[in-house]
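Work through the following exercises with the sequence and the coordinates at hand, and try each task before reading its solution.

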Amino acid sequence: MRRLSSRPRSLSGWTMAVFGLLAAALGAVGLAAPDALLAVMGFAPVPDGARVEGDHTLVFLTASSMAAVNMGVYYVLAALSDWRAFFGWTVPFRLLTCAVFTAAVLGGRAPAGFLGVGLWEAAGAAATWAALRHERRTAAPPAPAG
């Protein structure tokens, strides 16, 4: 089992911790005040009592918000254990998330404000990738065996 420290031990760990804290915080907002989160993402909130029967927007928002809280906690725990392999695994999937969210906006399935979510994912992925690359380039070479 990996030992947790009280704070991230690497630049790449800090990128993961910041992303994780933001994801958990936005997930908590979605759970506590779903209309506020919808407004931040560019969706027009529907007033209480005005939802039509069969509108499951709040169900999906609850599910995605809970997933964001969980993901945020996982990212923070990975950062505190300096699990760099995990950091690297997140980069292509965060870029994929950017591509899917961008396609949703370009395809008219989501409002333009939703593009910010994809760009946030891409920026986080780029920061983590750059930090990991920097750490690999500046790491001391292994000591000779023997």
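**Exercise 1: the annotated spans**

The end C-alpha atoms of residues 86–106 lie 31 Å apart, and this span is 100% helix and 0% strand, where helices are DSSP runs of H or I with at least four residues and strands are runs of E with at least two, numbered from the N terminus. The model is predicted, so local features need pLDDT of at least 70 and side-chain atom pairs count only at pLDDT 80 or more, while totals for chains, interfaces and linings use all residues. Residues are numbered from 1 along each chain as its sequence is written, and side-chain values use heavy atoms, leaving out hydrogens and water.

Task: state which residues UniProt assigns to the feature "transmembrane region", and describe the span 56–77.

Solution: the unreviewed UniProt entry places the feature at residues 56–77 and 86–106. Residues 56–77 are 95% helix and 0% strand, with end C-alpha atoms 32 Å apart.

**Exercise 2: helix H5**

**Exercise 3: Glu135**

Task: decide whether Glu135 is buried or exposed, and list what Glu135 touches.

Solution: Glu135 lies in helix H5 and counts as buried because its relative accessibility is 12%, buried meaning under 20% relative accessible area with a 1.4 Å probe and protein chains only. Beyond residues up to four places away in sequence, Glu135 touches Ser10, Leu11, Ser12 and Arg84, contact meaning heavy atoms within 4.5 Å. A polar atom of the Glu135 side chain lies 2.7 Å from the backbone nitrogen of Ser12.

Notes. UniProt positions renumbered as here; feature names shortened; annotations may be inferred. Buried < 20%, exposed > 50% of the residue type's maximum accessible area, 1.4 Å probe, protein only. Polar contact = N/O pair within 3.5 Å; in protein donor to acceptor, adjacent residues only side chain to side chain.
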